[in-house]
Amino acid sequence: MHFRLLLMSCSFILSAHSQQNGAMTGYIKGNYTKLDTAITMHDGVKLYTVIYIPKDNNQKYPFLIERTPYSAGPYGKANYAASIGPNFQLVKEKYIFVIQDVRGRFMSEGRNLEVTPYIPNKGEKGADESSDTYETIDWLIKNIANNNGRAGIYGISYPGFYATAALPGAHPALKAVSPQAPVTDEFIGDDANHNGAFFLLDNFSFMNYFGKPVIGPVEDYGSEVFTTTYKDAYKFFLELGPLKNTQSSQYFNNKSYIWNEYLEHDTYDAYWKARNIRQHLKNINIPVMVVGGWFDAEDLFGALNTYKAIEKQSPKNNNKLVMGPWTHGAWASGNWSKFGSYDFGSNTSAYFQDSLQTNFFNYYLKDKGDFDAAEATVFETGTNQWKKYNTWPPVNVTMTDYFLNADNRLSLKKNTNGKSFDEYISDPQNPVPYTKGVYRNRNNEYMIEDQRFAVSRPDVVMYETDSLTNDLTLTGQITADLFVSTSGTDADFIVKLIDVLPSIETPNTKRPEGKSMGGFQRLVRAEVMRGKFRNSFEEPQAFKPNEISEVKFFLNDVSHTFKKGHRLMVQVQSSWFPLVDRNPQKFIRIPDAEEKDFKKANINIYHDTAHQSKLILPVLKK
Amino acid sequence: MRYLLTIILFITCVNNLQAQNTDSAWFVNNYTKMEKLIPMRDGVKLFTAIYIPKDVSEKHPILMTRTPYSCAPYGANNFLQIWKSYAFAYAKENYILVEQDVRGRYMSEGEFVDVRPFIKNKTGKQFDEASDTYDAIDWLVKNIAANNNKVGVFGISYPGFYSTEAALSGHPSLKAVSPQAPVTNWFIGDDFHHKGAFFAMDGFSFYPTFGKPHPKPTMDYGKGFTTPVKDNYKFYLQAGAVKNLARLIGDSIKFWHELYQHPNYDEWWKARDARVGLYNVKPAMLWVGGLFDAEDCWGAWNAYKACETQSPATNSKIVMGPWYHGQWTKEGEYLGNASFGSKTGEWYQQNIEVPFFNYHLKAKGDLSKLQEATIFFSGKNEWKTFGTWPPKDIETKDFYLSSGGRAVFKLLTPIAMTDTPKTLGDKINTIADKISTVFNPDKTSFNYTEYISDPAHPVPYTEDVHEQRTREYMTDDQRFAERRTDVITFKTDLLNEDVTLAGPVIADLKASISSTDADFVVKLIDVFPADFKYDSTYKTNGLNYPMGGYEMLVRGEILRGKFRNSFEVPEPFTPGKISAVKFELPDVAHTFKKGHAIMVQIQSSWFPLADRNPQKFIDIYKADDKDFQKANIRIYHDAVNQSKLIMPVLK
């Protein structure tokens, strides 16, 4: 969702880009004519559309479209973008590139809605992103010379959502769609909430500009709603206090329509359900390539679950999945061979762009070359290699219980004791940090970070296997199945699956950051569950204090090998701050909670015979 | 203690500089080296390396260091690479430079005894380090040609201890001594214990090598024990009770086992306090130390103070700078993320130490400007001089810890506790409440801040993963600790004016614990403004650390709770009963600037810097893993039981 921000803040991506961009910018000017136009929708609303048309008119070209809420600029016929399209190779292949401001954003008319709900029966005046895309394609085919009658659409993050939204009721000319890190369900797993827990850190800064009310059309949204200068987000958000304080006159002050909606809709109600595009991905008959990153802090859920929804609801569709070792949008960067302590051993973004993305569009839009990608092309972390599967997850997977146990053990055997649990006190005044150190913005490496900073805390419990005697590969979704009690009436549960490197380094152990990797606790996958939603996202339920409840939820898929000599570790905690807002640990509408509502809670994690907490792991058979 | 390691690294790492080649040639061409076995009064011979200037135009003074870390390089043709150190200045002044292996170390004969006790009235062939120094000086002034019969001694860390002992030798030729970061008391404040808490990590990284037997003179003790686990928090946590550490290194390390036999401040330890002989000190003394010395900060302050009190007629001065252990031999511009704005080490070398020896040993220059105390104040980053230390013009102010994490210099109206902690639902708290009610029936009037100290999750002394104890922890950002549930924090409002502390800080806590023993770590912290940045002229470590809101450790100290009333006779806590826990933090010299805030953090572990307290009244050296238990700790701040710090505020 925040892909633009990411590009602006990650200088290393920018530098990789800028080299490429320098060459690309000159190429665009030399080979493309820019056209700025407004396309009128059936309800009279005009959408601002920028079109780059190849100067060479000896052949016909397909359209490659991106629809965006982040501006189609630079605006004006003479002002060329520094880069266009998904990658430079495709620019050189020559397409008619189309960038459109979506309804109600920047230079387009109409009213913008957060993740515009799809309207199944639109009637005369009804409009949504599907109809806007349909009508745009229709206009393009009829009005732009030298087109070959085919169109593709792609986009990363929010534009990924618009790519997905093109699928239901698609224009017959639409022949290839690539939703990349598509915003998909903002209550269950993307951006705004994960399992009903609010992602405070990202959204507070994002909605400060994105959610600003603007009477358009405008070329520039201007300054943010409010200004902050904090350097230490942990301290800032702790001192800010309850979520409601974000609406004070100093901050949002009820000015951001999206922020207002987020705070208003604290359960999986009609607002959120209407925004779940997955339910409409039925009877799709257009080649789709879904792309996502294992380390995408924003829309990992969206990528995996858009793919899965199409598989399930449109089983005959030509639907591919590409998952790489990427942060949000990193597949579009010039070079992605290393990340944090990971060294992938190859340029994974170049592989994607050259071997998958370019071929996908060339084949379906230009009948050029071949597109022989596997059903799922998935990077396996741990061994750091690309894998190809006929299904995702692979069929030869055994769902294996790993039991949380006494003495910090994670084992294949169940506990035989009638009484066995671990306890900790979760204190909203001292929440567990999601990352070590001091940061203003989200530390983009938190999804692969060494968790030793957390395991030293008394409010984090830990379970660990022995050293593995063989490699262990997980492919697919993880289930956390906890038996818990709390002295309060609500609590969050964060489950983290960790790859523990051997304590003792071998002489050839790589030290990617110059530091010892002995005992490094690399986060593989983590997820939060807001406890009151354990049985239903629609109908939250209080915990009965100190009574045992089952809390079962999914962690996003992984493709990871725990190598021989490593250990699996699970950590459980009840805060993840300020990534996630603090749970007052009292059953209450959290956006209404006041400071006094935030209470310490005594949390127990049970592992007795009757209440055996466990993780269910998708173990790949060799 | 580990200063030798620094020197070795220094020597092997720096090379290829043209100036040094020139200087090395100059040293080799202008000095001759001699190695002698100097006989002591009991016949034991001490190995001594003597570098003599070829210049015979005048007589030269002798400058000596006595060391347990070897006077290597051995061999008359192998020269100490002094040109790589500021001490090259002494060669340029044509000092006769002497290094001696102390009794029982390296190439010297005899038996080594750690921090060998001083014998007050020696008779006959009785010896100690003072008499060994006497005998060495006596031989040197009588046998080395062209000496001017004036001797100086200096040394850092363990050699600082030998410098203190040298000052007690009473040899008439000894004119000037500079003990620097002198090891002074290993139970109360230096190296291996602070206020009775065992600094197991420093000890365990030192003794397995240093403590090896020495059956005969040797140039090499061989390799010591190294831990394969490069994460010291994990290593020491997995090792468990400290008795397990003793098992890991076997029984060959004599001192390690002696230390385990003396859990309290008994006669054995008292005999090893370097201050016992500091009476009637004859030579001029220059005490030097680092405000942020993780090893012997306490020793520098307190050996100086003992000399002032016990030997008031002595010409004794002190210099304390913003330094890690031995950093005054370097540039000294920054330590960790804290920066000091100037080359404090070079300033000291050129303006204090070299002039001190030149004046006393060569009658050269003028020392009239050297004040009693030359102290660097971090925060404001300036040198100040004083006629006494602590300064006369300090006002002792109570610094009250209060509810809601507040701290103030004046007493607030006590706020009655309104929110009883019943919601915790924690077994320990419930028990603690019950006990507390028995001992403190008028419970509702109590006001406290509490935490649970869990030996299975001790508070780290530093945020990052390390193999070795860092020296930077003394100025580290404490935000990582503030975020924990087992660290409590008290903070002032932003200061309206500068507050300068000059002298020792007293922690005066009123605490109750749910068990029978606990450690108390008190950390005094300078909270930088949210937009703080160092001036662009400041040299920093270059790590671009976020300094806005930085919580700089200014001083931290630990007390093993059972020693709160006496280091000799430990006393258990009565569970739930409020006790006074009062102890002194080593002297502070720091200005909290206007716009900053003063913060105090309290916690009950500091791991693995200090070993874990099992939180059970027991001889911890004999404790088993099963003895370690959680404890609920309460720090009271109400009208009757007001925890506070007593601060030396400079007027």
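**Reading chain B**

Me: What does the secondary structure of chain B come to?

Reply: Helices (H or I, at least four residues) and strands (E, at least two) are DSSP runs, numbered from the N terminus. The secondary structure of chain B comprises 14 helices and 25 strands. This is a predicted model, in which local features need pLDDT of at least 70 and side-chain atom pairs count only at pLDDT 80 or more, while totals for chains, interfaces and linings use all residues. Residues are numbered from 1 along each chain as its sequence is written, and chains are lettered from A and ligands numbered from 1 in the order in which they are written.

Me: Which radius of gyration does chain B have, and why does it agree with a compact globule?

Reply: The radius of gyration is taken over C-alpha atoms, and the globule rule is 2.2 Å times the number of residues to the power 0.38. For 651 residues a compact globule would have a radius near 26 Å, so the 25 Å of chain B agrees. Along the principal axes, the C-alpha atoms fill a box of roughly 85 × 55 × 45 Å.

Me: In which order do the 10 strands of the open sheet in chain B lie?

Reply: Two strands pair if DSSP finds at least two bridges between them. The order in chain B is β1-β2-β4-β3-β5-β6-β9-β10-β13-β14, with mixed pairing. The edge strands β1 (31-39) and β14 (382-386) of chain B each pair on one side only.

Me: With which strands does β9(B) pair in the parallel sense, and over how many bridges?

Reply: Strand β6 (residues 174-180) of chain B pairs with β9(B) in the parallel sense over 3 bridges. Strand β10 (residues 316-321) of chain B also pairs with β9(B) in the parallel sense, over 6 bridges. In β10(B), B:Lys317 is the bridge partner of B:Leu286.

Me: Is strand β9 of chain B mostly covered or uncovered?

Reply: A residue is buried if 20 or more other C-beta atoms lie within 10 Å of its own, exposed if 12 or fewer, and partly exposed in between, with C-beta atoms placed from the backbone. Strand β9 (residues 284-290) of chain B is mostly covered, with 7 of its 7 residues buried. B:Ala284, B:Leu286, B:Val288 and B:Gly290 point one way, and B:Met285, B:Trp287 and B:Gly289 the other way. Over chain B, buried residues make up 53% of the 651 residues.

Me: How many residues of helix α6 of chain B are buried, and what covers them?

Reply: In helix α6 (residues 200-210) of chain B, 10 of the 11 residues are buried, among them B:Met201, B:Phe204 and B:Tyr207. The cover includes β8 (197-198), α7 (232-239), α8 (242-248) and α9 (254-261) of chain B.

Me: At what angle do helices α4 and α5 of chain B cross, and which residues meet?

Reply: Axes are lines fitted to C-alpha atoms, for helices over the stretch in contact, and angles run from 0 to 180 degrees between N-to-C directions. The axes of α4 (residues 129-143) and α5 (residues 158-167) of chain B come within 8 Å and cross at roughly 75°. Angles under 35 degrees count as roughly parallel, over 145 as roughly antiparallel, 65 to 115 as roughly perpendicular and the rest as oblique. The two helices α4(B) and α5(B) are therefore roughly perpendicular to each other. Residues are in contact if their C-beta atoms, placed from the backbone, lie within 7 Å. B:Glu129, B:Ala130 and B:Thr133 in α4(B) meet B:Tyr162, B:Glu165 and B:Ala166 in α5(B).

Notes: Two residues are in contact if their C-beta atoms, placed from the backbone, lie within 7 Å.
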